[in-house]
Number of protein chains: 2
Amino acid sequence: MGKKEVQTGKASIQFAEGPQIIGSASVVGKKEGEGPLAERFDVIEPDPMVGCDNWEEAESALQKEAADLAIEKAGIVRSELRYLFAGDLLGQLIATSFGTVDLELPIFGLYGACSTIGEALCLGAMTVEAGYAEYVMSMASSHFASAEKQFRFPLEYGNQRPLSTTWTVTGCGSFVLGRKGGSVRISGITPGKIVDMGLRDSMNMGACMAPAASDTILRNFEDFGRGPEDYDRIITGDLGKVGQKILLDFMKSSGYDISGRHMDCGIEIFDSESQDTHSGGSGCGCSAVVLASFILPKLESGEWRRVLFLPTGALLSSTSYNEGRSVPGIAHGVVLESVDVRAASGGRL
Amino acid sequence: MGKKEVQTGKASIQFAEGPQIIGSASVVGKKEGEGPLAERFDVIEPDPMVGCDNWEEAESALQKEAADLAIEKAGIVRSELRYLFAGDLLGQLIATSFGTVDLELPIFGLYGACSTIGEALCLGAMTVEAGYAEYVMSMASSHFASAEKQFRFPLEYGNQRPLSTTWTVTGCGSFVLGRKGGSVRISGITPGKIVDMGLRDSMNMGACMAPAASDTILRNFEDFGRGPEDYDRIITGDLGKVGQKILLDFMKSSGYDISGRHMDCGIEIFDSESQDTHSGGSGCGCSAVVLASFILPKLESGEWRRVLFLPTGALLSSTSYNEGRSVPGIAHGVVLESVDVRAASGGRL
């Protein structure tokens, strides 16, 4: 229990133990499987319908597959999981409701737009650290076609997309958290505030989310007494190339140069030149599958020792967009460390 | 820290301390203010637009008002709150995103349909009990007109509603949780599973949710070794009259007669005869405002000593409905006790 280490008046929690990620899985679609991370994903589904009747069911199928695989890789059985923290982008979380019903677990349904896996890891880690559960699952998904239908235009319409847009990732990332048995620990969290700078362009979500990412990074630095040099990488969710520039500018104006350490899952997952994905990838699935496939292995191998992982979300709906309202952003920070970092530092970190 | 009291392999958590509700507020609309609980609400807003330009903004305005009032009644200032757990019924939680941005708090966005205040109280209580925060806020809202627009027909269409339908409550309930200083304690929780019996009638949500309510009640009885006689009341969220009958039948077939102790917030909030609300009230706001206005005072006065509060949710969207899919249900259980119960029993409860 980290009671005495909670930093009141601030946003962050430093865990005394630090729940470990003991199993993870990434299941993605065809386009993601043609991108730069192709070799790293656990499963590439060639059929956008995943054998189902519609895209929402297909997204649910990705969740089922990722959940089962993460459980298998964790070396536990489903009934050992105590709680599920999960969400998606769709109205009323229908991909999650139908995708997780067969897990038969008490579920906390979460919505944080594309930051959802950050929210799920924060709450999952808090739950395990406090001793409320031996094992929990954190999961988030998105699907290009179900998201386009929900937020934008019918695919048949073939609308042109401005260069500032991102491409919703078809994929699900699933994570089993436990007290021990993993190679990567969640050593702390910085849950994010909603930041609304009044931006209204839903075709430029990177710009809408960058201020929120900056806000959470700065609070993380302040709460933990750290700077960019304390992290091997600072990795946002889906700012894309447009949002990345804004974030680096924001950080610079606050006195921090993070340009050498910043990565963005949305930039990593697609080759924007050959894949026509413009600013980058996005969606709840984007940061979730890049975490499972790319970030965790670097931490497991010790190539990276400590990473600040910041899934970012643009809090809009078609209703609020049509009413001419702004697009607030949010970013949830999760500090990930190689398990041996603690040993190397004598447990003082 | 309740570590040793966590009952693994089951769903429930028994808290060692039990976070207390130290401030609460109910803000409702005109129709709710004409119902049987009129005298008990903190604020009745006569204007369905609450002075705003559209219903979604109006719902956000209810949240702002309820949050401010709950903070005031708790005798704290906003900056003493550490985390916010909140949600609503709308796609992508826009009532909450725009309604809570001014609170400037790290937020966990939640979706559990009309069970959302149960989910918010569970996570809020877990957070306070574990020592992660001194004070947190749990909140949920709904608005008749924003919900009709989201889920059903344009109001101008004037569709007829079957007698099994419920009427979405316009209202927001907000709760400040802390370690001490209240008269009601959250002594334990039973987070719910998604239960899908294959029912497809979105105009009969009571029937869709009753099996989930029954599932959570039975698990609560089992996990805590209790029966109906251990609760002064077992209070569901918005089953309405149709759902209530089904719940009582389900419970009877499992060997429990809860008919003498069961109440439903949806049945209490409207006078179905004079208010034309058919089966009862519903919506995230329904159980939240009935908790704040009606249930908590009965526990504070000692008239009731222990209540099982079970907000219920129907997990559908217009997309899943139009695709002909079922309506899964969920119910999150929260055990509420008069603070003096513990003293009276020598702390053995």
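This is a predicted model: local features need pLDDT of at least 70, side-chain atom pairs count only at pLDDT 80 or more; totals for chains, interfaces and linings use all residues.
Chain A is built from 11 helices and 16 strands. Its radius of gyration is 18 Å, close to the 20 Å that the globule rule gives for 349 residues, so chain A is as compact as a globular protein of that length. Taken along the principal axes, the C-alpha atoms of chain A fill a box of roughly 60 × 50 × 35 Å. Of the 349 residues in this chain, 68% count as buried, and when contacts in chain A with a separation of 6 or more are considered, 79% of them are accounted for by residues 24 or more positions apart.

Chain A meets chain B in a contact that takes 65 residues from chain A and 65 residues from chain B. The size of an interface is often given as the accessible area lost when the parts come together. Here the two chains, A and B, bury about 5300 Å² between them, and 62% of that area is on carbon and sulfur atoms. Within chain A, the residues that lose the most area to chain B are A:Gln92, A:Phe98 and A:Tyr132, which together make up 16% of what that side buries.

Polar pairing also runs across this interface: the rule finds 24 residue pairs in polar contact between chain A and chain B, with both residues at pLDDT 80 or more. Several elements of chain A give two or more residues to the side that touches chain B, among them helix H1 (55-74), strand S4 (83-87), helix H2 (94-100) and helix H10 (318-322). Helix H3 of chain A gives the most to that side, with seven residues. Sorted by class, the side of chain A that touches chain B has 32 nonpolar, 19 polar and 14 charged residues.

Charged pairs are the next feature to follow. Side chains of opposite charge can pair when their charged atoms come close. Over all chains, the structure holds 16 salt bridges, and across the interface of chain A and chain B the rule finds two. Within chain A, the side chains of A:Glu56 and A:Lys149 meet in a salt bridge, with a distance of 3.0 Å from N to O. This pair links distant parts of the chain, since A:Glu56 is in helix H1 of chain A and A:Lys149 is in helix H4 of chain A, 93 residues apart.

In chain B, the side chains of B:Asp42 and B:Lys73 meet in a salt bridge at 3.0 Å, N to O. B:Asp42 lies in the loop between strand S2 (20-28) and strand S3 (43-44) of chain B, and B:Lys73 lies in helix H1 (residues 55-74) of chain B, so the pair ties together parts that are 31 residues apart in sequence. B:Asp42 counts as partly exposed at 33% relative accessibility, and B:Lys73 counts as partly exposed at 42%. Salt bridges that share partners also form one network, which joins A:Glu56, A:Lys149 and B:Glu323.

Two loop residues complete the tour. A:Thr170 is placed in the loop between strand S7 (167-168) and strand S8 (171-178) of chain A, and at 11% relative accessibility A:Thr170 counts as buried. Beyond its neighbours within four places in sequence, A:Thr170 is in contact with residues including A:Val27, A:Leu62 and A:Phe144.

B:His332 lies in the loop between strand S15 (329-331) and strand S16 (333-338) of chain B, and B:His332 counts as buried because its relative accessibility is 0%. The side chain of B:His332 reaches the backbone nitrogen of B:Gly192 at 2.9 Å. Not counting residues up to four places away in sequence, B:His332 touches A:Ile107 of the other chain, along with residues of chain B including B:Cys122, B:Thr216 and B:Phe309.

Methods: Residues are numbered from 1 along each chain as its sequence is written. Chains are lettered from A and ligands numbered from 1 in the order in which they are written. Side-chain values use heavy atoms; hydrogens and water are left out. Contact means heavy atoms within 4.5 Å. Buried area is the accessible area (1.4 Å probe) that two parts lose on being put together, summed over both. A salt bridge is a side-chain nitrogen of Lys or Arg within 4 Å of a carboxyl oxygen of Asp or Glu. A polar contact is a pair of N or O atoms within 3.5 Å; within protein, one must be able to donate a hydrogen and the other to accept it, and residues adjacent in sequence count only if both atoms are side-chain atoms. Helices (H or I, at least four residues) and strands (E, at least two) are DSSP runs, numbered from the N terminus. Ala, Val, Leu, Ile, Met, Phe, Trp, Tyr, Cys and Pro count as nonpolar, Asp, Glu, Lys and Arg as charged, and the others, Gly among them, as polar. Buried means under 20% relative accessible area, exposed over 50%, partly exposed in between (1.4 Å probe, protein chains only). The radius of gyration is taken over C-alpha atoms; the globule rule is 2.2 Å times the number of residues to the power 0.38.
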